[in-house]
Amino acid sequence: GMPPPVAVGIARQNDFSPPWEGYERFEEKMAVLGETLRGHASESEVPLVDLQKPFLNPDQSPRTELFLPDGLHPNLAGQTIMARTIGTQFRQYFNF
C-alpha cells in the first residue's frame, strides 16, 4: 500500500538522523514511489490501499495530530486510521 506521508516540519525539528540527501529529496523519492506503486497496481489490476490520503489535510499538508513527536511515525490515532483504512479495503476487495 501507499505509506503515510512524513510531517517534515516536525521531523526537521526532532529528527536526530535526517535522510541522507535531506528531506526535500526524501519527499521527491516518496512521490516517485507513490507514482510507481499506483502505476504497477493499475497495470496489474491489484487494489492499492492508500494510506497517504487519510493523513493529509485538504491543502495536502500532513495532519500533524496523527504523528508521534518525531513527525515520522503515526501515533495511536494515526495507527487507528491505518487499521480502519486497511480493514475497509480488505472487506471491499474480499467481499466480507
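I began at Asn-75, where a polar atom of the side chain lies 2.9 Å from the backbone nitrogen of Gly-78. I list this as a polar contact, that is, a pair of N or O atoms within 3.5 Å, where within protein one must be able to donate a hydrogen and the other to accept it, and residues adjacent in sequence count only if both atoms are side-chain atoms.

Before going on, I note that this is a predicted model, in which local features need pLDDT of at least 70 and side-chain atom pairs count only at pLDDT 80 or more, while totals for chains, interfaces and linings use all residues. Residues are numbered from 1 along each chain as its sequence is written, and side-chain values use heavy atoms, with hydrogens and water left out.

**Entry: the chain**

I looked up the secondary structure and found 3 helices and 0 strands in the protein chain, in the order α-α-α along the sequence; helices (H or I, at least four residues) and strands (E, at least two) are DSSP runs, numbered from the N terminus. Of the 96 residues, 26% are buried, where buried means under 20% relative accessible area, exposed over 50% and partly exposed in between (1.4 Å probe, protein chains only). Taking contacts (heavy atoms within 4.5 Å) between residues at least 6 apart in sequence, I find that 59% join residues at least 24 apart.

I placed Asn-75 in the loop between H2 and helix H3 (76–94), and it counts as buried because its relative accessibility is 15%. Its side chain also reaches the backbone oxygen of Phe-67, at 3.4 Å. Leaving out residues up to four places away in sequence, I recorded that Asn-75 touches Glu-65, Leu-66, Phe-67 and Leu-68.

Gln-79 is in helix H3 and counts as partly exposed, at 44% relative accessibility. The side chain of Gln-79 reaches the backbone oxygen of Pro-74 at 3.2 Å. I also checked Gln-79 against Phe-67: the two are 12 residues apart in sequence, with 9.1 Å between their C-alpha atoms.

**Entry: the largest pocket**

I then turned to the largest pocket, which holds about 320 Å³ of space. On a 1 Å grid over the protein atoms alone, a pocket is an open set of points with protein on both sides within 12 Å along at least five of seven lines, and lining residues have an atom within 4 Å of a point. Of its 14 lining residues, the closest to the centre are Pro-5, Glu-27, Met-30, Ala-31 and Gln-52. Helix H2 (residues 22–44) gives the most to the lining, with 7 residues.

From Gln-52 to Gly-34 I read 9.3 Å, C-alpha to C-alpha, across 18 residues of sequence.

**Entry: positive phi**

Most residues other than glycine have a negative phi, so I looked for departures from that rule. Glu-45, although not a glycine, has a positive phi of about 55°; Glu-45 lies in the loop between H2 and H3 and is exposed, with a relative accessible area of 72%. Gln-60, also not a glycine, has a positive phi of about 75°; I placed Gln-60 in the loop between H2 and H3, where it is exposed at 54% relative accessible area.

Note on methods. 1 Å grid on protein atoms, 1.4 Å probe; cavity = no way out; pocket = protein on both sides within 12 Å on 5 of 7 lines; lining within 4 Å. Points joined across faces, edges and corners; volume = space filled by probe spheres on them.
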